[in-house]
Amino acid sequence: MSFFGFGQTADIEIVFDDADKRKVAEVKTDDGKKEKLLLYYDGETVSGKVNVTLRKPGSKLEHQGIKVELIGQIELFYDRGNHHEFISLVKELARPGDLLQHTSYPFEFANVEKPYEVYTGSNVRLRYFLRATIVRRLTDITKEVDIAVHTLCSYPDVLNSIKMEVGIEDCLHIEFEYNKSKYHLKDVIVGKIYFLLVRIKIKHMEISIIKRETTGSGPNTFTENETVAKYEIMDGAPVRGESIPIRVFLAGYDLTPTMRDINNKFSVRYYLNLVLMDTEDRRYFKQQEVILWRKSDKSRLPLHPHHPQTVSYQGHQSLRKQSVSSDDNSARATPSNPDPENVMQRSVSPSMPEKQNGPLQMEREKPEAFIDKLAGAHINENDTNDTSDEIEEPKPVEKLPVVEKPLIAEKPQIAEKPTLNRPEPAGSPSQ
Amino acid sequence: MTNQVSPVEEQEKLLEEALNIVKVQAFQMKRCLDKSKLMDALKHASTMLGELRTSLLSPKSYYELYMAITDELRHLELYLLEEFQKGRKVADLYELVQYAGNIVPRLYLLITVGLVYIKTNTNLRRDLLKDLVEMCRGVQHPLRGLFLRNYLLQCTRNVLPDTHEAPNENEGTVRDAVDFVLMNFAEMNKLWVRMQHQGHSRDKERRERERSELRILVGTNLVRLSQLESVTVEDYRRMVLPGILEQVVSCRDAIAQEYLMECIIQVFPDEFHLANLQPFLKSCAELQPGVNIKNIIIALIERLASYSQRNEGNMNLSVVLEDGQEQEVQLFEVFSDQVAAITQSRVDMPQEDMLSLQLALLKLAQRCHPDKLNYVDRVLAHTDKICADIHQSSGQSTLEHHTPVFKELMKIIKLPCDHYKNILVLIKLSNYAPLIRHLSYQGRVMIAVHLINDVLETNTAISTPQDVEAVLGLLDVLVKDQPDQPPSESDVEDFVEEQGLLARLIHHFKSDSADQQYLITSTARKILQGGGARRIQHTFPPLVFHAYRLAFVYKDLKDQDEMWEKKCQKIFQFCHQTITMLVKAELAELPLRLYLQGALAISEIGFANHETIAYEFLSQAFSLYEDEISDSKAQLAAITLIIATFEQINCFGAENAEPMRTQCALAASKLLKKPDQSRAVALCSHLFWKGTRDGRPVWALNDASRALDCLKKAARVAQQCMDGGVQAQLLAELLGRYALLRERGNQSLTPSLIDAIIQKIREELANLDQSEEVEQITKHFHNTLQHLKNRIESPDPESLGYEGLTLS
């Protein structure tokens, strides 16, 4: 930083301990590029050295003190000048004086609380960085180094599935089920759609993952919706009684954990949007919030050995039955029946209309409103291309979903398909 | 043609475009594979597969596209297989291909990759199969879904688990394979049926055509099931068939039901069908009204019938009763019950189809249970009932000609006939004759002719009165007038032909026992006499000849049967009555000849009192001649016969012979035309002179001069003829008769008389102009002369010669 080309100046380098052993994470930068940063977790100590290298060895560098800061800040793009720092830790490395030679200052921020995950969105950015400063009279010499922070969660592996009956009266009634309401980032969404009534000619059905980023508050609230993924799950027109499986791998998409009210500045929420398109290009959809969370890599290795990722879509009857018998804990939005499950459901999507006992209203968009939103009815081939671009990244997932035990075998056989009923091979030695 | 592109051309264009894209993408894919750039290859594969998302192609074009694409997918599969076998496993490939955003390409890739996983690690087999068949639910578009699932089925054809005990639970057993195919089958069938209900109703025909083009895709599932070798009969009964039938019945689509039921019959082994007849047939009864159920059942019956024949009837057929016990049953019983249930439950079934079913049952009964005639009879009884119902609904008492029901019934009636080739079996079927009565007049005639021809061909003897009665019962339409007979005599020739056949049949009414034969003949007459004049003239002659032959039989039996003379009398009494009936029917020539034949027989048999009876016969014939025969040609023929008969009969004493020959001579001289007169009178000479041929004793009543008188009178009459040619011809004939009688020993015909005739003939011939006729007469004459010459040169020692006759 020598603006004028005279006087002593110095380069600062921040070296982290264990830099070679520490994991790195890709983080999007301001300009949309990705860079690899050292990864820290909440409560982890950030330590290292600040190396000051003098440009002109021999001559002294006068300074008003040397310090290193650890800063966590939120930048709102519409408010460029104002950064909200939610963490600001300072370590004094040297008192004011003169530097005569290259000097290395160790530092340590012990057990730093890092409550939020790094995030770069369309209107907001949350970052952590270390800033080493040599304070001088005119211009300080500074060096900033970003680090990545991931927040880990752990939710109990209990199946709090989302199950709901929605529809448009006398037109379309479906029941959908997602196996969980909370998914970790490498998770698989498994579910099924059961068609109770079909009076429209459906062309296809897709699930999209929508990221909704909300920044600001009050009148200055900005909301940005981004379709992160679009995934066709059905082609053609089903008839009543059909049940369609859903299986979406999340690992391939660019997702972050759900963030709610991060420092009262912004939120990032994810919605699964189930969209049905009819032959006249009318769209019927139902959005449903899901919580995304980051799972610790270490605990990922066993990957829920007993945790089924395939919901049985073998037959709707059993599921129907199940939903009737377990009415209490299903997410049917019947206000007269407030139970823990239902409360949770409501908290997940507070905007859900709850006015009637019957199936929830689906929304039907006017076709013109969607011309801009989606180019054409079909998913573009680009989607595939994007996907395969990402495919080339080696994935840490080591298991096939199907290798895990599906529930199917344990399910009671279903009335709808007695054809598949196997009579027990009582006393038949050939079996 | 307008500017519009025809649908065919448009299809071709679309297909070509799609195929071009496939070509390009496949090329790129293979290039990437060569460079081991799997991800890029997958990308191209996915783009290629994207072509299968089209909705514009007809099933045919789509099929071509599908073939082209799956062909290319094979490269990918082989590449992956090779890599995997080399241990170069691509991590998470199964997951990676699932990122494809569009479902159709995604599932094709998933199947392809899944197959590679299964082939390289059988531990994944069970779960992967389950997963694949399940995920395919995402494609609900009928055409695309059908082809996708077909691809699944094709890919997995060699990897389905086919054992009962898997070494490892995860490899799956045949049960898993069955579940897999059944599920795929059910889904495909649903899609296939759904095609019927999509689109405009005016396209129904096209849709049905397209569906039938696609049916093989659905049927392949059943083929695959049948190829699972470890499926036992028991497995089939418990796991396979119920699954298929449930789907077939519940889809409620006639086209599907018909095709699939036939598929089941075709693809599974006979043993399986045998063990599961009841559930199968029960399902048949539950099919949609539009289903041509008859074809299904007939196909099954034919299949099992030929199986039964191959195994010579050794079939273990048992059914599980409702209480769980197994009971051995007859194949026929099962079918019979179920067919009855089906015809009852399906009120809308066309009547001809009901009959076709009976026909099939009939075949079954005949082929599988040749020893159980009562089965056949049961079918016929059923058929009878159905026919009765048909009459009730149509209001007519017979089945119209050329209607479908008529044709079916004809087949049913002909079948036992052609099968047994024995009318005696047919008459044991108590419901056979009633069945014939349901046919229209023409139909009955056709059947009757058919039956008779059969008897004639097989040379069956009908040898008891009861049989005769029954057989004639079957042929009722030929035996007597029918109430529904067409009023006008439509075709006399046909009628005569039919009656001729009936007459030929009567010759087969024969028994080795003479007494029995008598009973047969009289029974036949009793029945046949109802036929009226038109028929008895055809049917009685054979009866009469039967009787004459019988009389000879008794003559041969006279040593064993002391009653034979009585019996012969009775027989001739019977004949007399029979012939009298013909006379009463205003026939003349026929009874005349029968009488003469009878007289001959009687004289030959020579039982007690035979002379009187023979005289009676002969005199009856003569009075017929006098009273009934007026045509001059017929008269000549009749008198010739009478004379000839008399000449043959030797039993008459003078008392009976005298009036007879006098009457004959008188009748001969009374003939209208001179040539006739001349010839008849010349013949009369034989009444007065019989030779001693064949060891016959000299006839006591020979009268040489009266014989000569006859000849003389004949010559005189001949000379009265105006036409010289006729005269010459008559004289030439007369010369022959002279020579004949002289050679038979009549000395009154002296050589000089003969010479006079010869001279006379020469005279006449000389006066005649040359013509063909004259030439013939001359030839006749010269032949006679040659004979005489021979006799003169080498006289026969036992007969008179021609001493003194000189021939120049």
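Trainee: How are H35(B) and H36(B) oriented to each other, and why?

Mentor: This is a predicted model, so keep that in mind. H35(B) and H36(B) are roughly antiparallel to each other, because angles over 145 degrees count that way. Here the axes of helix H35 (residues 751-767) and helix H36 (residues 772-793), both in chain B, cross at roughly 155 degrees.

Trainee: What describes two packed helices?

Mentor: You use the angle between their axes and the distance between the axes. You've got the angle already; as for distance, the axes of H35 and H36 of chain B come within 11 Å.

Trainee: Is the crossing of H35(B) and H36(B) left-handed or right-handed?

Mentor: The crossing of H35(B) and H36(B) is left-handed.

Trainee: Which residues in H35(B) and H36(B) meet?

Mentor: From H35(B), look for B:Ile754, B:Ile758, B:Ile761, B:Arg762 and B:Leu765. They meet residues of H36(B), including B:Phe781, B:Leu785 and B:Leu788. By class, the contact of H35(B) with H36(B) has nine nonpolar residues, one polar and one charged.

Trainee: Okay, now the sheet. What is the order of the three strands in chain A?

Mentor: Read across an open sheet strand by strand: here the order is E1-E4-E9 in chain A, with antiparallel pairing. Strand E1 (10-16) and strand E9 (103-109) of chain A are the edge strands, each pairing on one side only. Neighbouring strands of this sheet are turned by 20 degrees against each other on average, direction ignored.

Trainee: How many bridges join E4 and E9(A)?

Mentor: Strand E4 (residues 46-54) of chain A pairs with E9(A) over seven bridges, in the antiparallel sense. To find your place there, spot A:Lys49, which stands opposite A:Pro106 in E9(A).

Terms used. Residues are numbered from 1 along each chain as its sequence is written. Chains are lettered from A and ligands numbered from 1 in the order in which they are written. This is a predicted model: local features need pLDDT of at least 70, side-chain atom pairs count only at pLDDT 80 or more; totals for chains, interfaces and linings use all residues. Side-chain values use heavy atoms; hydrogens and water are left out. Axes are lines fitted to C-alpha atoms, for helices over the stretch in contact, and angles run from 0 to 180 degrees between N-to-C directions. Helices (H or I, at least four residues) and strands (E, at least two) are DSSP runs, numbered from the N terminus. Angles under 35 degrees count as roughly parallel, over 145 as roughly antiparallel, 65 to 115 as roughly perpendicular and the rest as oblique. A crossing is left-handed if the near helix is turned anticlockwise from the far one by less than a right angle, and right-handed if clockwise. Contact means heavy atoms within 4.5 Å. Ala, Val, Leu, Ile, Met, Phe, Trp, Tyr, Cys and Pro count as nonpolar, Asp, Glu, Lys and Arg as charged, and the others, Gly among them, as polar. Two strands pair if DSSP finds at least two bridges between them.
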